Amino acid sequence: MPRVAVELHIAAPPDRSWEAVVDVERYPACMDSVRSITVVEQRGPRERVTAWSVRLKGSVLEWTEAERIDEEARRFDFHQVSGDLAHFVGHWAIRPADDGGSLVSLHVEFDIGIPLLAEMLNPVAATALRENAEQMLRALERRLTDAA
């Protein structure tokens with residue numbers, strides 16, 4: 001299964017970066033590719049279900065994901081419960097950088113669900129997902145550093 005992993009150093013303390021990453025409902029305000037994100041169910045302080053709509057290379061990709069939030073580890077894991085892909089799982093993570101900033105990462109594993117075309121489409125989808133993930137991280141960086 002194709003995997004995408006991106007990481008970006010952000011000149012903001014890990015706690016501030018973590019707050020921005022878990023505040024997914026604010027993503028559409030600062031990320032051009034994100035059309036909407038709605039928390040559709042809160043299952044306590046550490047679990048929620050969110051509905052996403054994202055523009056990806058001229059198409060709209062929509063899914064609902066279950067998220068498990070680990071405040072202490074500054075990581076949240078997600079997996080698609082319904083949506084446009086056959087398989088979509090991953091996690092966001094924040095690690096402290098040596099300079100007091102943050103290393104923010106997004107890891108995704110996916111399957112487009114069309115076995116006969118997977119060899120041709122998976123590399124295209126992986127490139128599109130990588131570009132989108134990089135744009136999301138840069139948007140978080142702008143949000144955090146512009147507010148400082």
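## Charges, fold and confidence at a glance

Let's begin with the charges: the chain carries 17 positive and 25 negative side chains, and the centres of these two sets lie 2 Å apart. Please keep in mind as you look around that this is a predicted model.

Now for the fold. The secondary structure consists of 3 helices and 7 strands.

What radius of gyration does the chain have, and what would a compact globule of 148 residues have? The chain has 15 Å, and because a compact globule with 148 residues would have a value near 15 Å, the two agree. Along the principal axes, the C-alpha atoms fill a box of roughly 45 × 30 × 25 Å.

As for the surface, the chain exposes about 7900 Å², with carbon and sulfur atoms supplying 50% of that area. Buried residues account for 45% of the 148 residues.

Finally, a word on confidence. The mean pLDDT of the chain is 91, and 96% of its residues reach 70 or more. The two ends of the range among the elements are set out here:

| Element | Residues | Mean pLDDT |
|---|---|---|
| Helix H3 (lowest) | residues 118-146 | 85 |
| Strand E5 (highest) | residues 75-83 | 97 |

A friendly reminder for reading any such model: where pLDDT is low, the predicted coordinates should not be read in detail.

Conventions. Residues numbered from 1 in each chain as written. Predicted model: local features only at pLDDT ≥ 70, side-chain atom pairs only at ≥ 80, totals over all residues. Heavy atoms only, no water. Helix = DSSP H or I, 4+ residues; strand = E, 2+ residues; numbered from the N terminus. Rg over C-alpha atoms; globule rule 2.2 N^0.38 Å. Buried < 20%, exposed > 50% of the residue type's maximum accessible area, 1.4 Å probe, protein only. Areas by Shrake-Rupley, 256 points an atom, 1.4 Å probe, with all protein chains shown as cover. Lys, Arg positive; Asp, Glu negative; His and termini not counted. Charge placed at Lys NZ, Arg CZ, Asp CG, Glu CD. pLDDT = per-residue confidence, 0-100.
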